[in-house]
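Thanks for coming. I will go through one model, starting with terms and then taking the sheet, the salt bridges and the helices.

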Amino acid sequence: MLRDLQTEFAAALFDERPEMSARVRAGRFPAAQHLQVYRNNVVESLTGALRAVYPVVEKLVGDGFFRYAVHEYLRAHRPRSGNLHDFGDAFAGFLAGFAPAAELPYLPDVARLEWAWHQAFHAADAPAFDFARLGAVPAEQYATLRFVLHPSARLLASDFPVVRIFEINQEGYDGDASVDLAEGGVRALVIRRGLTVYVEALAAGEAELLTALAGQQPLGAAVQAALAAQPDFDLTGTLAEHLRRGTLVDFLAE
């Protein structure tokens, strides 16, 4: 069956399968060499796709190490979608268990941040927030409102200063390139505003508020979580800022 042949051929592009050579017609080159041409093209294409998504990871480890990591990643993580933008979602988890990268404990979280950036870039857009509709809601109902984050919004927590690592490894950065891993972790928002993707460090209360709202908790519960994390949390100012900048795009009223 054609489908079976195509499935076997696709598998042979990732694994050496001598039996497939017998099913490929030799031409100018032996059948095995024809297969190797296809295999090289597939690996190079997928390596290029991951390089485009994870430029900071590649910069941190170098081209040779990155290629080796991708080669090992491909052994267990084959493309599952016809959209190449979907490939690479498990790379951060792979790096977390990749022994040669063990001396760079922050590397998986850098990869998670870059995947969040990639997702934000390709996410759907949303209409502007309807302030008039919000203004029509009685004040006593505010605590029950469930705000909706922009489709591109991604929230990230790390034990390492990955936002700083990400920033200093951007093309054209010419500031202070030092990083103190001892400064601790960070909570961050990755979001597309207009046509630009931003990576923004969040204060403790702000992070808890957005996390709760992203989990569809009502505003009252989200505020309680924010105040528990940061007693001096400025709810009015923070909420107004995220409404103005488009982090929040809609709300559901009970």
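I call a residue buried when its relative accessible area is under 20%, exposed when it is over 50%, and partly exposed in between, with a 1.4 Å probe and protein chains only. Two remarks on the source. This is a predicted model, in which local features need pLDDT of at least 70 and side-chain atom pairs count only at pLDDT 80 or more, while totals for chains, interfaces and linings use all residues. Residues are numbered from 1 along each chain as its sequence is written, and side-chain values use heavy atoms, with hydrogens and water left out.

Two strands count as paired if DSSP finds at least two bridges between them.

For angles in general, axes are lines fitted to C-alpha atoms, for helices over the stretch in contact, and angles between N-to-C directions run from 0 to 180 degrees.

Take strand 2, residues 154-158. Five bridges join strand 2 to strand 3, and the two run antiparallel. In that pairing L155 is opposite L189, and L156 is opposite A188. As background, side chains in a regular strand alternate between the two faces of the sheet.

How many residues of strand 3 are buried? Strand 3 spans residues 186-193, and seven of its eight residues are buried. On its other pairing, strand 3 meets strand 4, residues 196-202, through seven antiparallel bridges. V190 has V199 of strand 4 as its bridge partner. The hairpin of strand 3 and strand 4 has two residues between the strands, and G194 there takes a positive phi near 70 degrees.

Next, salt bridges. I count one when a side-chain nitrogen of Lys or Arg lies within 4 Å of a carboxyl oxygen of Asp or Glu. The structure has 13 of them.

I start with the pair E200 and R193, whose side chains meet at 3.1 Å, N to O. Buried or exposed? E200 is buried at 14% relative accessibility, and R193 is buried at 12%.

The side chains of D63 and R51 also form a salt bridge, 3.1 Å from N to O. D63 sits in helix 5, residues 63-76, and R51 in helix 3, residues 31-53, so this pair ties together parts twelve residues apart in sequence. D63 is partly exposed at 40% relative accessible area, and R51 is partly exposed at 24%. Both belong to a network of salt bridges that links E44, R51, E58, D63 and R67.

The last pair is D109 with R112, at 2.5 Å, N to O. These two are three residues apart in helix 7, residues 107-122, which means a separation of about one helical turn. D109 is buried, with a relative accessible area of 11%, whereas R112 is partly exposed at 35%.

Finally, helix packing around helix 10, residues 204-214. Contact means heavy atoms within 4.5 Å. For angles, under 35 degrees counts as roughly parallel, over 145 as roughly antiparallel, 65 to 115 as roughly perpendicular, and the rest as oblique. A crossing is left-handed if the near helix is turned anticlockwise from the far one by less than a right angle, and right-handed if clockwise.

Helix 10 packs on helix 12, residues 235-244, at about 55 degrees, with the axes 11 Å apart. That makes helix 10 oblique to helix 12. Their contact is made by E206, L209 and L210 of helix 10 with L235, T238 and H242 of helix 12. The crossing is right-handed.

With helix 11, residues 219-229, the axes of helix 10 and its partner come within 8 Å and cross at roughly 155 degrees. Helix 10 and helix 11 are therefore roughly antiparallel, and this crossing is right-handed too. Among the residues meeting here are L209 and L213 of helix 10 and L219 and V223 of helix 11.

Key: Helix = DSSP H or I, 4+ residues; strand = E, 2+ residues; numbered from the N terminus.
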